[in-house]
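This report walks through one model, part by part, for a reader who is meeting it for the first time. Please keep the sequence and the structure in view while reading.

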Amino acid sequence: MIDVDGVSVSFGDATVLDDVSLSVERGTFLGLVGPNGAGKTTFLRAVSGALPPDAGTIALDGDLLDELGSKAASRRVAVVPQDTAVSFGFTARDVVAMGRTPHRGRFEPSSREDSRAVDEAFARVDAEHLAARRIDELSGGERQTVTIARALAQETPILLLDEPTASLDINHQVETLELVADLVADGKTVVAAIHDLSLAARYCDELALLADGDIVATGLPESVLTRDRLADSFDARTVLRRDPVTESLGVTTLARQPDAVERSVHLVGSGSVAARTLERLVGADTTVTVGPVAPGDALAETASLLGVETIERYPHEPLDDPTLTAAREAIDGAAVVAVANPGLVAGDDRLYELLAGRSPLVVVEETGDRQPAPERAESRAESLRLRGEATDVRGVVDAVGRARPLVEADD
Ligand SMILES: Nc1ncnc2c1ncn2[C@@H]1O[C@H](COP(=O)(O)OP(=O)(O)OP(=O)(O)O)[C@@H](O)[C@H]1O
């Protein structure tokens, strides 16, 4: 068990960890998440004993770390650091054997016990084929595997990993975290700094969110990762949903818009252009309403994930009166109306009538992705384009910010 109590660490004037407390039960996989520079590496270095804190205590299974001595601490905690320094000329086996140093006297040769631990570590990470290779000739991912093997050869009850998946491809990310989860199932206690929140939520038993020098939340992934907390800690707008395959929490980060545009926008349209338009508008802090749109459409699904108020319509049927009234109110109430896919929208007579005199209007479409529309709809779409600010999806926030009512619409 790891007990961190009131730990503070400063570098010069900068306080990186400020009175941080955290307990990790034995046999737990704890994911340390938080923005760049939050202090995750510093926290791991403090727990490993490499960086004595300025204040507070760290205890491993009840023993104070600063009273253990470095060799005894190295028999309790192994570290897989973020940047693996390349030891030129050493073989992978030499590197893994270095994990045995805490178990030997200073000038003691390696024992049969050491050899067994090294063999087992290679077997555990399925990397026997790398043992004779030179470490400086391995790929980043292979080197990472060897570094994990070195930590396993250390045979410690606690393992700390600093961004273990950072340099790995998607298969190796999952393989590495599967391995770590197996080690935890076998009784190891693991703390890992992980940037990928979806992977962290999928594999970790618990998460600790570190931001502004303190742990702002700990607990089950779904209780720690909330939209509001991610907005506060990462300054990110996110969509959270349960992954249908893994059933764990998936986190999608919306594109951050440089400037907030605090205008109310009503978005009419359908399909992926409309969905991506919505993503950008929500990312820019506009107050958006959506519709009418049929359930199951990409726009409707995105609106539901983003918690955006949506007017629904029956698919493949003319707009009924209540839906039309709701749409008229939303369109009249918004500062700007955005139309995504004007060719499709203009094909709907009643919808087109709602939009025809509306100003200001932003018309969003992707060149090369224009929906072929029947002749009449195409000429109406052209009139919408002429009346409004025409833009592609990437430019929509700027266009909404610029859009001003046409003078004739004020008459
Ligand atoms: N040895 C050091 N001397 C001075 N400042 C340091 C030192 N180590 C870390 N810092 C500073 O402490 C802060 C936290 O760094 P740390 O590496 O712990 O963050 P992190 O959460 O691991 O970041 P990242 O996600 O980018 O890896 C940063 O502002 C960093 O510049």
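## Residue A211 and its surroundings

When neighbours within four places in sequence are left aside, A211 is in contact with G34, P35, A38, V216 and S233. The model in which these contacts are found is a predicted one. A211 belongs to strand β9, and it counts as buried because 20 C-beta neighbours lie inside 10 Å, where 20 or more are required. The C-alpha atoms of A211 and D232 are 9.0 Å apart in space, while the two residues are 21 places apart in sequence.

## The six-stranded sheet

Strand β9 is part of an open sheet of six strands, which has the order β6-β7-β8-β3-β9-β10 and a mixed pairing. At the edges stand β6 (77-80) and β10 (214-219), and each of them has a single partner strand, so one side of each is left without a neighbour in the sheet. Direction ignored, neighbouring strands here are turned against each other by 15 degrees on average.

Five bridges hold the antiparallel pairing of β9 (residues 206-211) with β10, and within it A208 is placed opposite T218 of β10. Helix α7 (residues 170-185) packs on this sheet, where it touches β3 (29-33), β7 (158-162) and β8 (189-193), and the direction of α7 makes about 150 degrees with that of β8.

## The four-stranded sheet

Another open sheet consists of four strands in the order β2-β1-β4-β5, with antiparallel pairing. Its edges are formed by β2 (14-24) and β5 (63-64), each of which has a single partner strand, so one side of each is left without a neighbour in the sheet.

Between strand β1 (residues 2-11) and strand β4 (residues 55-60) there are five bridges in the antiparallel sense, and the bridge partner of D5 in β4 is T57. Helix α1 (residues 40-48) packs on the sheet and touches β1, β2 and β4, its direction making about 120 degrees with that of β1.

## The surroundings of the ligand

Which residues lie around the ligand? They are F11, V16, G34, N36, G37, A38, G39, K40, T41 and T42. Helix α1 supplies the largest share of this shell, with three residues. Sorted by class, the shell holds three nonpolar, six polar and one charged residues. Two of its members, G34 and A38, are also among the contacts of A211.

## The nonpolar cores

The largest nonpolar core has 73 residues, and the members that touch the most others in it are V47, V96 and V191. The helix that gives the most to this core is α6 (residues 140-153), with six residues. Not counting residues up to four places away in sequence, V47 touches I2, V4, I58, V77, L160 and V191. Apart from this core lies another, of 47 residues, and A274, V290, L384 and V400 are among them.

## A hairpin of two strands

Strand β11 (residues 238-242) and strand β12 (residues 249-253) run antiparallel and are joined by five bridges. In this pairing L240 stands opposite V251, which is in β12. The two strands, β11 and β12, form a hairpin with six residues between them, and in the turn E247 has a positive phi of about 60 degrees.

Note on methods
Residues are numbered from 1 along each chain as its sequence is written. This is a predicted model: local features need pLDDT of at least 70, side-chain atom pairs count only at pLDDT 80 or more; totals for chains, interfaces and linings use all residues. Two strands pair if DSSP finds at least two bridges between them. Two residues are in contact if their C-beta atoms, placed from the backbone, lie within 7 Å. Axes are lines fitted to C-alpha atoms, for helices over the stretch in contact, and angles run from 0 to 180 degrees between N-to-C directions. A nonpolar core is a set of buried Ala, Val, Leu, Ile, Met, Phe, Trp, Tyr and Cys residues joined through C-beta atoms within 7 Å. A residue is buried if 20 or more other C-beta atoms lie within 10 Å of its own, exposed if 12 or fewer, and partly exposed in between; C-beta atoms are placed from the backbone. A residue is near a molecule or strand if its C-beta atom, placed from the backbone, lies within 6 Å of it. Ala, Val, Leu, Ile, Met, Phe, Trp, Tyr, Cys and Pro count as nonpolar, Asp, Glu, Lys and Arg as charged, and the others, Gly among them, as polar.
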